Amino acid sequence: MRTRIGTRLILGAGLSTALVIGGMAVVILRSHTAQLLAERTRSADQLSETIKSATHFDMLENRRENLHRQIRSVGELQEEGIRKVRVFNKEGRIMFSSANEEIGTSLDIRGEACYACHAEGRPLERLEIQARARTFRAPDGTRVLGLINPIPNEPTCSTADCHAHSAKQSLLGVLDVNVSLAEVDREIAHSRAVIAASAILAMLAGSFILWWMNRRLVVEPVAALVAGTRRVGEGDLSTTIPVSGRHELGELAGAFNAMTQRLAETQGQLAQADKLASVGRLAAGVAHEINNPLTGVLSYASLLRKRMEGDASACEDLDVIVRETVRCRGIIRGLLDFARPTAPARKPMDLNEVVRRAVSVVMTQLSLNQVDLSLDLAAELPLAHADANQIQQVAVNLLLNAGDAIGTEGGTIRASTRSGPDGSIELVIKDSGRGIAAEDLPRIFEPFYTTKGNHGTGLGLAVSWGIVEAHGGALEVQSEPGQGTQFTLRIPTAAGPQDTPDGGQPPIPTTT
């Protein structure tokens, strides 16, 4: 039977909490019991001292009847918890007692009432209060606290005429006071019940808190991760999981979201690469078949144009044929470049110099359209291992596209270079044009797809992407309608595995 991780955590934490709370309850109860017993012992000791003071002169003058009467009077205070009061002599014989039947009897000096004084084989003159106290159970089952109080031999006793004792005798007897612990036991039982109830409530509250925290921090995030993983397994790469907190499961949810996003991008890129490969194969065949007839059309149209110099109307029509045929040849050349791109001739290349040459090519056309072009080239930029002519072709194409996006009303283009991640360098071209709609962004690298209408062929970015792919780089675009567009060209600075005949698949451009 499968057990949830959260259930195991709750059981483990609950058991640990119960053990801790139980241990604390035992310690508190023992401490409280010891405190109550110590307080009762101090009260019994005060009572013992009071009895000694009250009977001092009767003992000194040997007034036995008064002693009997006072001890019986104290012993009758049953409601105050006093069970018995008695006086032993040094041999353990009961001389006075609140229980008449005990008077004259003897106790074993090894017994509970005598052992403390005779533990060392001789009477002790002074004992700590805890050493003089003992607890035992009466015949009725009630716990009783017995406290012995030694009666020392004072000078007044050793010099008195009535019953003088030897001055060498240090101890005359022992006063034994027995006090009921019934009230203490009731309070201990009450305390035990209160502590037990508090411990149970604490464990219940702790269990509820653990359950709530487990549900919020473990169960719900794990359930979301499981459900999200199943949706991704079914092919839904748009799945995202809410990041529920700054903890390990929250980080896992964030990593899961990043993974699904990368999977979705990779899937789109693979689909686009497959589409471009299919279109490339088709374009290569079509271009090859169309190129020869177009060459013939252009040649005969040019010949007819020379023969009919005097016919202005025919020359005008033939000029249209020649112009459109040349345009078709340009499209075919672009198709061939896309279908069978030339392998880059890699050499150390200064990207800043390539950008300057590209700017010099397009500057005149941009100036006519009132476009302000600014450069921000990074100093000490590393050299790239690339084909300078092909990279210049990409830069020119991106600059012309930026100018077309601005139109004839004027705007700004900013071209900058900088160091990129993982030992790469970047060219960033940002314009203030009309931007690209979100639905067009995923398709801008497809051949023949253009947002310029009849003005463009839709091959510029496709060819640029092929060049960047051959260099093992990346071409990224960021755009919002009305906010302009930014293209980022990233080129590795060192030769990579794509330089070898069996190198790995280079990165595919992405759109954001």
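## Overall make-up

Helices (H or I, at least four residues) and strands (E, at least two) are DSSP runs, numbered from the N terminus. Glu380 needs that numbering: this residue sits in the loop between β7 and β8 (384-386). The model is predicted.

The chain has 11 helices and 13 strands. Of its 512 residues, 38% count as buried. Among contacts with a separation of 6 or more, 66% join residues 24 or more positions apart.

## Nonpolar cores

In soluble globular proteins, nonpolar side chains tend to be buried together. Here the largest nonpolar core counts 40 residues. Leu351, Ile413 and Ile491 touch the most other members. Helix α10 (residues 388-406) gives this core its largest share, 8 residues. A separate core of 19 residues includes Leu67, Phe96, Leu147 and Ile188.

Which residues does Ile491 contact, leaving aside neighbours within four places in sequence? They are Met349, Leu351, Ala384, Ala386, Ile391, Ser424 and Ile425.

Strand β1 (residues 82-89) is largely enclosed by the rest of the structure, because 6 of its 8 residues are buried. β1 runs antiparallel to strand β2 (residues 94-97), and 3 bridges join the two.

## Salt bridges

The structure holds 16 salt bridges. One of them joins the side chains of Glu102 and Lys84 at 2.7 Å, N to O. Glu102 lies in the loop between β2 and α4 (115-118) and Lys84 in strand β1, so the pair ties together parts that are 18 residues apart in sequence. Glu102 is buried, because its relative accessible area of 17% falls under the 20% limit. Lys84, at 21%, is partly exposed. Arg134 and Asp176 form another salt bridge, with their closest N and O atoms 3.0 Å apart. Arg134 is in strand β3 (residues 133-137) and Asp176 in strand β5 (residues 171-180), so this pair links parts 42 residues apart. Both Arg134 and Asp176 are buried. A network of salt bridges links Lys84, Arg86, Glu102, Arg134 and Asp176.

Arg305 and Asp319 also form a salt bridge, and their closest N and O atoms are 2.7 Å apart. Arg305 belongs to helix α7 (residues 248-307) and Asp319 to helix α8 (residues 312-339), so the pair ties together parts that are 14 residues apart in sequence. Arg305 is partly exposed at 23% relative accessibility. Asp319 is partly exposed too, with a relative accessible area of 32%.

## A nonpolar surface patch

Phe208, Ile209, Trp211, Trp212 and Met213 form a nonpolar patch on the surface. Together they have about 540 Å² of accessible area. Trp212 lies in helix α6 (residues 182-233). Its relative accessibility is 44%, so Trp212 counts as partly exposed.

## Positive phi outside glycine

Gln370 is not a glycine, yet its phi is positive, about 60°. The residue lies in the loop between α9 (351-368) and β7 (371-376). Is Gln370 buried or exposed? Gln370 counts as exposed, at 57% relative accessibility.

Glu380 also has a positive phi, near 55°, in a residue other than glycine. Its loop runs between β7 and β8. At 80% relative accessibility, Glu380 counts as exposed.

Ser416 lies in strand β9 (residues 411-420). Its relative accessibility is 8%, so Ser416 counts as buried. Leaving aside neighbours within four places in sequence, Ser416 is in contact with Asp376, Glu426, Leu427 and Val428.

Thr450 is in the loop between β10 (424-431) and α11 (460-470). At 27% relative accessibility, Thr450 counts as partly exposed. Thr450 and Leu461 are 11 residues apart in sequence. Their C-alpha atoms are 9.3 Å apart in space.

How values were computed. Residues are numbered from 1 along each chain as its sequence is written. This is a predicted model: local features need pLDDT of at least 70, side-chain atom pairs count only at pLDDT 80 or more; totals for chains, interfaces and linings use all residues. Side-chain values use heavy atoms; hydrogens and water are left out. A nonpolar core is a set of buried Ala, Val, Leu, Ile, Met, Phe, Trp, Tyr and Cys residues joined through side-chain atoms within 4.5 Å. Buried means under 20% relative accessible area, exposed over 50%, partly exposed in between (1.4 Å probe, protein chains only). Contact means heavy atoms within 4.5 Å. Patches are made of residues with over 30% relative accessible area and no salt bridge: like charges are joined within 9 Å, nonpolar side chains (Val, Leu, Ile, Met, Phe, Trp, Tyr) within 5 Å. Accessible areas come from the Shrake-Rupley method with a 1.4 Å probe; for residues, only the protein chains shown count as cover. A salt bridge is a side-chain nitrogen of Lys or Arg within 4 Å of a carboxyl oxygen of Asp or Glu. Two strands pair if DSSP finds at least two bridges between them.
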